[in-house]
Amino acid sequence: MTQTKHTTQIHYRQLQADERGEIQALYEQKKSEHEIARCLHRSPSTISRELKRGTVRQRDANYQYYTRYFADSGQINYQKHRANCHAKSLLSRCWLFFAMLVKALKQRPRIHSVDSFVHAFRQDHPGLRVPQRQPFTAISIAVNSNLRIPICQKNCAATLKSPATITFA
């Protein structure tokens, strides 16, 4: 006996380019959205959104407008929206903060510790974004992004008092 009810949850998967091609072929055969969904084992709402995403308006030889679904257009729109949906990195959001932090920490004699620089930056630039995390977390992000930041090791809870430059290539 076959079971039609499943106890495990099915996770969402993005439509692949070949599935979009199948949607185009079935749609050109005048299949309904529900029939296409049944063939591809997808939700009818997924098929509906994909048809909306990939449908373009074109002109025929008589300059009359018509709409048609193209799998390539759906894939291009998907990739364009997918590229813009990710969160921006901390360095791109707070670039001025990191540029000024590097400059302040390279000054000799050094005027600011990291904590005092963060405080002074927030006072001098109230409208600009400052990393909300702990300052040393922000520095580790900058270090992992190949910025050259000199820091004093005593600020990092080490017993050495000589300045060190953290660089990763």
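Start with R20: beyond its neighbours within four places in sequence, R20 is in contact with L15, E50, R53, Y69, A71, G74, Q75 and Y78. Keep in mind that this is a predicted model. R20 sits in helix 1, which covers residues 17-28. Is R20 buried or exposed? Its relative accessibility is 1%, so R20 counts as buried. Now look at F70. F70 and R20 are 50 residues apart along the chain, yet 8.3 Å separates their C-alpha atoms.

Step back to the whole protein chain. It has eight helices and four strands. In sequence order, these elements follow the pattern α-α-α-β-β-α-α-α-α-α-β-β. The chain has 169 residues, and 28% of them are buried. Consider the contacts with a separation of 6 or more. Of these, 41% are between residues 24 or more positions apart.

Next, follow the chain out of helix 1. K30 lies in the loop between helix 1 and helix 2. K30 is not a glycine, but it has a positive phi of about 65°. Its relative accessibility is 75%, so K30 counts as exposed.

Helix 2 comes next, at residues 33-40. Which of its residues are buried? They are I36, A37 and L40. Seen down the axis of helix 2, these buried residues fall within an arc of 100°, so they line one face of the helix. What do they pack against? The buried residues of helix 2 pack against helix 1 and helix 3. Turn to the face directed away from that buried side. There you find the exposed residues H34 and R38.

Just after helix 2 comes H41, with a positive phi of about 60°. H41 belongs to the loop between helix 2 and helix 3. Like the value in K30, this is a positive phi in a residue other than glycine. H41 counts as exposed because its relative accessibility is 71%.

Now for a pair of helices. Two packed helices are described by the angle between their axes and the distance between the axes. Take helix 3, residues 44-54, and helix 4, residues 71-83. They pack at an angle of about 95°, and their axes are 7 Å apart. That angle makes helix 3 roughly perpendicular to helix 4. Which residues meet here? From helix 3 come E50, R53 and G54, and from helix 4 come S73, G74, N77 and Y78. By class, this contact of helix 3 with helix 4 has one nonpolar, four polar and two charged residues. E50, R53, G74 and Y78 are among the residues in contact with R20.

Stay with helix 4. Its 13 residues should span 18 Å at 1.5 Å a residue, and its end C-alpha atoms are 18 Å apart, which agrees. The buried residues of helix 4 are A71, S73, G74, Q75 and Y78. What covers them? The cover includes helix 1, helix 3, strand 1 (55-59) and strand 2 (65-69). Compare the list for R20 again: A71, G74, Q75 and Y78 are among its contacts.

Move on to helix 6, residues 95-106. Helix 6 has twelve residues and reaches 17 Å from its first C-alpha to its last.

Finish in the loop between helix 6 and helix 7 (114-124). P109 is found there. The peptide bond leading from R108 to P109 is cis, with omega near -5°.

How values were computed:
Residues numbered from 1 in each chain as written. Predicted model: local features only at pLDDT ≥ 70, side-chain atom pairs only at ≥ 80, totals over all residues. Heavy atoms only, no water. Helix = DSSP H or I, 4+ residues; strand = E, 2+ residues; numbered from the N terminus. Expected span 1.5 Å × (residues − 1). Axes fitted to C-alpha atoms, helices over the stretch in contact; angles between N-to-C directions. Parallel < 35°, antiparallel > 145°, perpendicular 65-115°, else oblique. Contact = heavy atoms within 4.5 Å. Nonpolar A, V, L, I, M, F, W, Y, C, P; charged D, E, K, R; others polar. Buried < 20%, exposed > 50% of the residue type's maximum accessible area, 1.4 Å probe, protein only. Arc of directions from axis to C-beta.
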